[in-house]
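Have the model open while you read.

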Amino acid sequence: GALPLLIDILKTSKSELLTFAAVRTLRNLTCVSKHKILIAEHGAVPLLIPMLKSSDDRLRFFVLITLQNLAQNDENEVMVVRSGALPLLIPILQSKNDDLLVAALKALRNLSCDANNKCQIISHGILNLLVPLLKSDNEDVMIGVLRVLWNISCTTRYIGLVDKLFTPIIVSGLLTCKKQQTQSHFLKI
């Protein structure tokens, strides 16, 4: 199949265009459950992670969506964090590019299901980076933050931390938010 060729392109290509095309194709393949496992087994995860440092926002966007999709599988979720994704998400979470922010938050939402990953997310200080994002004018960013918080707060030992950092902002958001969908996400927390 094409998968070994795509992985080889990630490993060896010096062409940004070819690498971008390979990542977009992998992103498309990750929409099928069995492909998520095969892609990870072929070694794509450790090849994708360093691409989060790229200066090409389009490439980073598709890498984030690919990682988000891969992390829907429990084993892949752990592999993405073990491969070093969290420190590379930090600058993206501080970005002014809302498309990248939303993609990073979606990936983080899927990475925050595993108990050990939750611990890693907290130890990397990522919750503190989410505080200002919850005040964003972009509703997709706010919903992304709330979904991550929901996952983290589902572990009893982190409820107090989430409560301490976010309750005042969540209450304020409920009072000022005009859209029903966002209000329902605020209420879940």
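**Notes on the model**

1. Phe 61 is partly exposed, with a relative accessible area of 28%, whereas Phe 62 is buried at 12%. For these labels, buried is under 20% relative accessible area, exposed is over 50% and partly exposed is in between, using a 1.4 Å probe and protein chains only. Phe 61 and Phe 62 make an edge-to-face aromatic pair, with 5.3 Å from centre to centre and 90° between the planes. Rings of Phe, Tyr and Trp (the six-membered ring for Trp) pair when their centres lie within 6.5 Å; planes under 30 degrees apart are stacked, over 60 edge-to-face, and the rest tilted.

2. A word on ground rules. This is a predicted model, in which local features need pLDDT of at least 70 and side-chain atom pairs count only at pLDDT 80 or more, while totals for chains, interfaces and linings use all residues. Residues are numbered from 1 along each chain as its sequence is written, and side-chain values use heavy atoms, with hydrogens and water left out.

3. How many aromatic pairs are there? The count comes to 2. In one of them, the ring centres of Phe 20 and Phe 62 are 5.4 Å apart and the planes stand at 80°, so this pair is edge-to-face. It links distant parts of the chain, with Phe 20 in helix α2 (residues 16-29) and Phe 62 in helix α5, 42 residues apart. Both Phe 20 and Phe 62 are buried. Phe 20, Phe 61 and Phe 62 form one aromatic cluster.

4. Now the overall fold. The protein chain has 13 helices and 0 strands; these are DSSP runs numbered from the N terminus, H or I of at least four residues for helices and E of at least two for strands. Of its 189 residues, 49% count as buried. Take the contacts (heavy atoms within 4.5 Å) between residues at least 6 apart in sequence: 67% of them join residues at least 24 apart.

5. Which residues sit at the centre of the core's contacts? In the largest nonpolar core, which has 54 residues, Leu 48, Leu 108 and Leu 130 touch the most other members. Helix α8 (residues 98-111) gives the most to this core, with 8 residues. Such a core is a set of buried Ala, Val, Leu, Ile, Met, Phe, Trp, Tyr and Cys residues joined through side-chain atoms within 4.5 Å.

6. Leu 108 deserves a look of its own. It belongs to helix α8 and is buried, with a relative accessible area of 0%. Leaving out residues up to four places away in sequence, Leu 108 touches Leu 86, Leu 89, Leu 93, Ile 121, Ile 126, Leu 130 and Val 148. Leu 108 and Ile 126 are 18 residues apart in sequence, and their C-alpha atoms are 9.7 Å apart in space.

7. On to helix α9 (residues 115-123), where Asn 117, Lys 118 and Ile 121 are buried. Viewed down the axis of α9, the buried residues fall within an arc of 105°, so they line one face of the helix. That arc is taken over the directions from the helix axis to the C-beta atoms. The face turned away from the buried side carries the exposed residues Asn 116 and Ser 123. The buried residues of α9 pack against α6 (74-82), α7 (85-93), α8, α10 (126-133) and α11 (139-153).

8. At its start, a side-chain oxygen of Asp 114 comes to within 3.0 Å of the backbone nitrogen of Asn 116. After α9 comes Gly 125, with a positive phi near 75°.

9. Gln 68 is buried at 9% relative accessible area and touches Lys 106, Ala 107, Arg 109 and Asn 110, not counting residues up to four places away in sequence.

10. Finally, the cysteines. The structure holds 0 disulfides, a disulfide being a pair of cysteine sulfur atoms within 2.5 Å. Cys 31 counts as exposed, at 57% relative accessibility, and Cys 113 is partly exposed at 48%.

Key: Polar contact = N/O pair within 3.5 Å; in protein donor to acceptor, adjacent residues only side chain to side chain.
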